[in-house]
Amino acid sequence: MTDKNKKKLLLYVTLFCSTIYILWRMFFTLPITYGSIPIIVGTILVLCEALTILETFTHFINSSHVKKLELPVIADQDFPTVDMLICTHDEDTELIFKTLSGCLSLKYPDRSKVKIHLCDDTDRDSMRQLAAKMGVNYHGFKGNQYAKAGNLNYALKRTKAELVAVLDADMIPTSNFLLETVPYFDVTKEIRDGDQRHFRRTQENQQEKPVGFVQTRQSFYNLDTFQKNLFLEDRITNEQDYFYREVNPSRMASGSAAFAGSNVVFSRVSLEAANGFATHSITEDLATSIEIESRGYRGIALDKELAHGLCPEDTPSLIKQRKRWSYGSAQSIITNQFFQSKLPFRAKFNYFISYLYWWTFFRRFVFIICPILFSVFGIVIADTSLLSLLIMWLPYYIFYSYSMKIMSDHTINTTLSAIQDTIQFPHMIVPIFYGTLQIPNNKFEVTSKARVGGNNSDFKLTWPFIILIGLSIWGVYNSIIKIVIDHHEGSIIVLFWLLYNLLALFNAVVYYRGRRLNPQEEMLAIEQNIKLADGKLTWQGRTTQMNDYKICFLSDQVLTPGVTVNMTLDYRDYHVKLEGKPVLIDQQHNVYEMSVDLEEFEMPAKMHFYQILYDRDHTLNRVVNLGYWTDIKVLLTNLFRKRAH
């Protein structure tokens with residue numbers, strides 16, 4: 001049996017068990033004889049379970065129909081013109097410099113067809129000067145009306161290329177970004193018909209909808225707050241990997257792949273058909289996806305790393321970002337405009353499921369509070385026996401947990417999902433209620449891309465978790481008493497969920513306790529040859545780690561600490577000479593591990609060095625290796641470890 005068939009069999013078995021379980025919960029376990037409060041709480045719990053199953057299986061079914069897209073081959077002369085729009089708001093020049101370096105290093109059959117535009121919605125002199133220094137176009141957008149969408153629309157009116165690429169300020173494109181995206185538009189030439197402009201497409205794709213945009217993964221070269229604060233950088237992936245690697249590509253078949261704000265290429269005609277980037281939502285990316293796809297264009301979502309940027313480094317930035325996404329999702333989808341659009345039903349359904357995802361955090365609160373309500377306050381939440389519960393629930397739970405791991409290609413599992421949702425839920429419940437009720441909240445807050453040093457502790461935010469931990473421990477005590485003294489079988493399952501939730505709650509406390517980690521200590525695991533010279537001798541070494549400030553390498557020759565050493569790096573088309581003063585880190589037999597703090601250097605060496613660092617796949621962990629028992633070990637270590645790296 002092939003892996004694909006095994007996955008389908010697993011999907012069907014899990015779907016069968018889940019359906020049987022949720023129907024049993026709905027029709028045979030509600031506490032209808034215990035009064036109004038138990039009925040209300042029990043019904044809410046069942047609805048939350050049903051929505052969780054619906055959301056998860058929508059992705060499972062989508063992912064079982066994913067077809068790998070082959071990159072079309074087009075002649076060099078048929079590559080169209082491209083405008084690269086880099087959006088900036090308040091980021092510093094060094095960050096923008098890295099992104100522009102990547103754009104200036106893009107490969108393309110005819111580089112004269114690629115125009116780079118720095119789109120600054122605060123019209124800063126520093127950005128204008130940087131654009132002039134690097135030889136790119138500058139568009140200063142005053143007033144910040146409609147935020148990022150307004151900035152992009154301002155630039156659209158001042159550009160004219162056939163394709164439009166969008167990058168956030170921190171997203172450094174790899175040199176093959178355009179070569180790996182542009183051919184999907186299968187453009188041969190532009191045809192004008194009066195005022196209408198469209199593209200002739202290859203004959204074999206005439207039956208397909210024209211491509212409106214090609215979205216690539218958002219990949220990050222720094223640790224996210226979950227990896228960092230929980231000390232799990234070697235056990236979990238970036239929290240956004242599940243969406244970009246699994247969910248978004250799986251939605252192509254339904255016509256609901258989403259534009260995700262950056263690392264994307266549009267056909268200009270699709271943007272013109274949608275009247276530019278959407279301004280009616282604070283999440284212009286989701287709203288623009290809907291507008292383009294409802295007008296007969298299709299979105300392509302690629303699981304390809306073609307640009308790397310910075311995810312939020314501190315909790316306040318993360319919370320602001322997720323609140324905006326949550327509110328904007330409801331603002332874009334819970335509208336008459338969405339339900340009356342010409343999107344196919346399957347696409348509407350998938351977009352609606354993406355809105356339901358933001359209710360995950362309310363559901364997580366329900367899953368935490370219900371065992372407490374029974375064990376501490378005596379509120380019955382389900383009317384069943386232990387044997388019935390085990391027969392109906394246990395197969396569902398086992399297959400569901402295993403399917404989550406397999407169908408997500410090991411980017412997420414139930415333990416990690418529970419921890420991440422628990423950490424966020426106190427901040428995320430209100431925005432989705434506000435968005436659903438369409439309560440105005442048009443304040444736009446840009447996600448900070450500043451590197452955060454020191455201890456990013458937010459311990460004052462732990463009070464909801466400490467209260468819930470106290471109540472859960474009380475519930476554990478009561479459950480044990482009921483099991484041992486009263487022989488109450490049902491309390492065994494309640495005890496299981498109390499202990500399961502306690503793991504996530506304790507992790508939340510560890511998370512908000514923070515971690516002291518200087519950005520200069522975060523290293524990219526890059527191994528390649530390096531030439532070393534101290535004025536007398538020249539020899540080869542091998543790098544182990546690098547970042548913007550430092551290079552670590554192995555050498556069979558010891559360098560004199562504090563004496564300047566010359567270093568030469570060659571990678572692809574990049575060649576750079578650097579200087580620094582070495583420090584001896586360790587010695588194993590005749591191999592020396594050295595570290596060099598880099599001295600200041602200017603263009604073009606600076607551009608080449610940044611390309612050596614970032615024109616490659618990121619070097620962080622890619623597979624989740626975390627379970628309940630392994631996380632208990634990590635958690636106990638984290639509770640008593642120092643916050644320093």
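Reader: Is Tyr357 buried, partly exposed or exposed?

Author: This is a predicted model, and the relative accessibility of Tyr357 comes to 27%. Buried would need a value under 20% and exposed one over 50%. Tyr357 therefore counts as partly exposed.

Reader: What kind of pair do the rings of Tyr357 and Trp358 form?

Author: Trp358 has a relative accessible area of 9%, so this residue is buried. The ring centres of Tyr357 and Trp358 are 4.9 Å apart, and the planes stand at 75°. Planes over 60 degrees apart count as edge-to-face. The pair of Tyr357 and Trp358 is therefore edge-to-face.

Reader: How many aromatic pairs does the structure hold?

Author: Rings of Phe, Tyr and Trp pair if their centres lie within 6.5 Å. For the structure, the number of aromatic pairs is 40.

Reader: Why is the pair of Phe352 and Tyr355 tilted?

Author: Planes under 30 degrees apart would count as stacked and planes over 60 as edge-to-face, with the rest tilted. The centres of the Phe352 and Tyr355 rings lie 5.4 Å apart. The pair is tilted because the angle between the planes is 45°.

Reader: Which helix holds both Phe352 and Tyr355?

Author: Phe352, at 28% relative accessibility, is partly exposed, whereas Tyr355, at 5%, is buried. They are three residues apart, about one turn of the helix. Both belong to the helix spanning residues 345–357, α12.

Reader: Which ring has the charged end of Arg158 over it?

Author: A charge over a ring needs CZ of Arg within 6 Å of the ring centre and within 35 degrees of the ring normal. The charged end of Arg158 is 3.6 Å from the centre of the ring of Tyr154.

Notes:
Residues are numbered from 1 along each chain as its sequence is written. This is a predicted model: local features need pLDDT of at least 70, side-chain atom pairs count only at pLDDT 80 or more; totals for chains, interfaces and linings use all residues. Side-chain values use heavy atoms; hydrogens and water are left out. Rings of Phe, Tyr and Trp (its six-membered ring) pair if their centres lie within 6.5 Å; planes under 30 degrees apart count as stacked, over 60 as edge-to-face and the rest as tilted. Helices (H or I, at least four residues) and strands (E, at least two) are DSSP runs, numbered from the N terminus. Buried means under 20% relative accessible area, exposed over 50%, partly exposed in between (1.4 Å probe, protein chains only).
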